[in-house]
Amino acid sequence: MAQPADLGLVCVSHRRHRYDVLDRQPTCYALLMVFDPSRDIEAVCHALERVYGNPSHGNKSDPLDELVYIILSTRTRDASYRRRYDELKAAFPSWDAVSPRDQARIEAILQPGGLAMLKAAVIVEILNVLRDRFGSTTLEPLRCMPDADVEQLLVSLPGVSTKVAKCVMMYSMDRQVLPVDVHVHRVAARLGFSVKRRPDTSQELIEGAVPRQLRYGFHINAVAHGRAVCLSRAPRCEMCCISQWCDYLQTRKDRECSQTATGVQ
Ligand code: SF4
């Protein structure tokens with residue numbers, strides 16, 4: 001006969017080891033799944049997709065537009081960086097028209113979003129590097145390169161991290177990569193993925209655990225979930241569509257259950 005562990009079922013209060021207590025402690029009767037990425041990631045992706053429906057985060061189809069858009073998004077609120085991007089494009093419809101003399105003007109446009117001086121300098125520097133390398137401000141030549149070469153070239157640009165490079169690759173070049181930002185990292189960590197402390201150091205671990213064909217959906221829906229429900233300080237677990245797989249929630253219930261059992265408030 002199949003045992004609870006074979007089915008991936010565990011006791012909320014004593015999960016992973018103590019199935020025998022199920023008979024003795026009525027408060028522990030609820031059974032939940034322990035998240036196993038290789039088994040459950042597809043179901044998690046479908047649950048997220050049903051709720052969020054692969055929403056647009058305003059990303060761009062042109063790789064250089066997308067690179068600038070992602071740079072503007074750094075440590076800036078959603079609505080603000082979208083507005084800054086629109087204003088920047090209105091001022092400079094063609095990136096070829098931007099010269100180093102325009103840095104102060106770009107900085108002024110970006111001022112309300114924060115980190116304006118840094119972002120303006122990075123953008124001007126990137127455009128200069130592309131001009132030197134390709135003869136114009138474009139990332140189009142990357143479209144015919146393999147993933148590894150594209151990523152290597154992008155991270156060689158000033159101020160471009162692996163996460164930024166993977167965003168450009170995923171959103172504007174249809175590459176099956178998975179950028180790990182704070183939202184993806186938080187949702188993955190709480191579900192029970194094997195992660196490290198920070199998104200950048202968890203990049204390979206999380207990306208490697210998600211099949212290539214699921215990466216795009218997992219990223220965009222996890223970002224939506226992290227913004228709306230799986231909040232950093234106070235996650236809204238009661239309205240979460242993937243709570244049945246969540247290790248964080250189960251651990252919290254464990255704690256509450258053992259506190260109740262020992263009379264701790
Ligand atoms: S149950 Fe709570 S902590 Fe877990 S993924 Fe959902 S919102 Fe986040």
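How many other C-beta atoms lie within 10 Å of Leu115? In this predicted model, the count for Leu115 is 15, and the residue is therefore partly exposed. Leu115 sits in the loop that links α4 (103-110) and α5 (116-134). Its phi is positive, near 55 degrees, although the residue is not glycine.

A positive phi is also found at Asn54, again a residue other than glycine, with a value of about 50 degrees. Asn54 lies in the loop between α1 (37-52) and α2 (63-73). Asn54 has 12 C-beta neighbours inside 10 Å and therefore counts as exposed, since a residue with 12 or fewer such neighbours is placed in that class.

The largest nonpolar core of the model contains 56 residues. Within this core, Val168, Leu191 and Ile206 have the most contacts. Helix α7 (residues 162-173) gives the most to the core, contributing eight residues. When residues up to four places away in sequence are left out, the contacts of Ile206 are Leu178, Val180, Val184, Ala188, Phe193 and Val195.

Technical notes:
Residues are numbered from 1 along each chain as its sequence is written. This is a predicted model: local features need pLDDT of at least 70, side-chain atom pairs count only at pLDDT 80 or more; totals for chains, interfaces and linings use all residues. A nonpolar core is a set of buried Ala, Val, Leu, Ile, Met, Phe, Trp, Tyr and Cys residues joined through C-beta atoms within 7 Å. A residue is buried if 20 or more other C-beta atoms lie within 10 Å of its own, exposed if 12 or fewer, and partly exposed in between; C-beta atoms are placed from the backbone. Helices (H or I, at least four residues) and strands (E, at least two) are DSSP runs, numbered from the N terminus. Two residues are in contact if their C-beta atoms, placed from the backbone, lie within 7 Å.
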